[in-house]
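Q: I am new to this structure and would like to learn how to read its features one by one. Could you guide me through them?

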Amino acid sequence: MYKQIFIEHAKLLKALANPKRLEIIQLLRDQELSVGQIQEMLDLPQANLSQHLQVLRQAQVVTARKEGKNIYYKIAHSNFLHASDLIREILIKRHQNDDLADELVLKMSDLVPLTHDPVCGMRLSPKTAAFALKRKSQTYYFCAEGCLKKFKTQPDRYLKSKQK
Ligand SMILES: [Zn+2]
């Protein structure tokens, strides 16, 4: 048993050992998402994404639920998020003194009140946001590259729909 757990631990880490898969885990932090939603957030080809989800599912990191035509994914156990956060904290600290691109102001270790990704509506804090963008003295946070890209192309579209 003692040895067996190390073997399983190594196997699990192998399933996690991919930047996109680690990003998917962050996106599923507080919510269940459909394949289509994840695809838009990540701006990733569907075939590619399906493969990643398959690996995560086989490793029982995520669970899937079918509803109509859609398959929804969620994190199987919150410890996967805790483990990911702990490692990310170490890595983010290592970058604390780096220069960041002008428009990307991101202190991921800061915790401020929750906000929403203006594009997909995902609940975010600066700690969990992938990107931040300053525009007219306001900072907007984004779940991943797909949403940031969309916002940059048509910011007015998303700012309008936000003020319902
Ligand atoms: Zn988003």
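The dialogue below goes from the overall pattern to single contacts.

A: Two remarks come before the rest. This is a predicted model, in which local features need pLDDT of at least 70 and side-chain atom pairs count only at pLDDT 80 or more, while totals for chains, interfaces and linings use all residues. Residues are numbered from 1 along each chain as its sequence is written.

Q: How many helices and strands does the protein have?

A: Helices (H or I, at least four residues) and strands (E, at least two) are DSSP runs, numbered from the N terminus. The protein has 7 helices and 7 strands, and along the sequence they follow the pattern α-α-β-α-α-β-β-α-β-β-β-β-α-α.

Q: Why does the span of helix α1 agree with its number of residues?

A: The expected span of a helix is 1.5 Å times one less than its number of residues. Helix α1 (residues 2-16) has 15 residues and should therefore span 21 Å, which agrees with the 22 Å between its end C-alpha atoms.

Q: How many residues of α1 are buried?

A: A residue is buried if 20 or more other C-beta atoms, placed from the backbone, lie within 10 Å of its own. In α1 the count of buried residues is 0, so the helix is hardly covered, whereas buried residues make up 22% of the 164 residues in the protein.

Q: What is the order of the strands in the open sheet?

A: Strands of a sheet pair through backbone hydrogen bonds, either parallel or antiparallel. Two strands count as paired if DSSP finds at least two bridges between them. The open sheet of 3 strands has the order β1-β3-β2, with antiparallel pairing, and its edge strands, β1 (33-34) and β2 (62-67), each pair on one side only. Strand β3 (residues 70-75) is joined to β1 by 2 bridges, and Ser-34 stands opposite Tyr-72 in β3.

Q: Which strands form a hairpin?

A: Strands β6 and β7 form a hairpin with 2 residues between them, and Lys-136 in the turn has a positive phi of about 45 degrees. Strand β6 (residues 131-135) pairs with strand β7 (residues 138-142) in the antiparallel sense over 5 bridges, and Leu-133 has Tyr-140 in β7 as its bridge partner.

Q: Which residues of α3 and α6 meet?

A: Two residues are in contact if their C-beta atoms, placed from the backbone, lie within 7 Å. Glu-40, Met-41 and Leu-42 in α3 meet Glu-145, Gly-146 and Cys-147 in α6.

Note on methods: A residue is buried if 20 or more other C-beta atoms lie within 10 Å of its own, exposed if 12 or fewer, and partly exposed in between; C-beta atoms are placed from the backbone.
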